[in-house]
Amino acid sequence: GVDNRTVIEEIDYDEDTEAVVAHVRQRKVTKRRCGLCGKRSPLYDQGGGRRLWRTLDLGLLRVFLEADSPRVSCKQDGVTVAQVPWARHDAGHTTAFDDTIAWLTTRTPKSTVCEMFRIAWSSVGSIIGRVVDEAHAMKDPLDGLKRIGIDEISYKRGHKYLTIVVDHDTTNLVWAAAGRDKETLGRFFDALGIERAKEIKLVSADAAEWISAVVAEKCEKRNPVS
């Protein structure tokens, strides 16, 4: 889970926890960068000292990276933990670990992922949030929408609902939120914005009045298909 920006100094086996610990450090070119914006910043202090990041297992053994965790004083973001090349900001797992968990969660039940990697249910949710936020920062999934589908799906044995929006051109799910009413769907169009909503040319949906009413109001060019 590391690349050439990271130096592995030593590897230990901890018999008490039955885990492998790799003691690492950053190369100078990556040091003292703000954990939020990535800009080089002056050192503030050593933070909480050395800390651990969980990375991918080695067979049945858990593996951790251990390194210094200093703080820097960024002109833009203030005092924050310095960026490290092996993990996202404010994460307790490496990027490789996060990406693996997020990928598996789209293909297998969350409970299976928790059992397989020996992590808490809440940890899986936090990991997914980090990965999705980073992906959205790189590319807004609402950009370039022309033909969309709007529907509702039930969960919790049919007692709760999600409103979902898909891009027919890419077949990707681009938006989802709890609820199934005008207010919920209105939040999608608020996120989309007036200019991008004008570019929607086709909307497929069922005959629900709460969908058709919002679409009629928000989409100028739409060709509704039930």
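Okay, a definition to start: helices here are DSSP runs of H or I with at least four residues, strands are runs of E with at least two, and both are numbered from the N terminus. Quick housekeeping: this is a predicted model, where local features need pLDDT of at least 70, side-chain atom pairs count only at pLDDT 80 or more, and totals for chains, interfaces and linings use all residues. Residues are numbered from 1 along each chain as its sequence is written, and side-chain values use heavy atoms, with hydrogens and water left out.

So, helix α2, residues 110–117. Just past its end, Arg118 has a positive phi of about 55 degrees. Inside α2, Val113, Cys114 and Phe117 are buried, meaning under 20% relative accessible area, with exposed being over 50% and partly exposed in between (1.4 Å probe, protein chains only). Those three span an arc of only 100 degrees around the axis, so they sit on the same side of α2; the arc is taken from the directions from the helix axis to the C-beta atoms. On the face turned away from that buried side you get Glu115 and Met116, both exposed.

What do the buried residues of α2 pack against? That would be β4 (50–58), α1 (95–105) and α3 (121–138), with contact meaning heavy atoms within 4.5 Å.

Last stop, Thr80, in strand β7, residues 78–81. Thr80 is buried, at a relative accessible area of 9%. Skipping neighbours within four places in sequence, Thr80 touches Cys34, Gly35, Leu36, Arg71, Val72 and His89.
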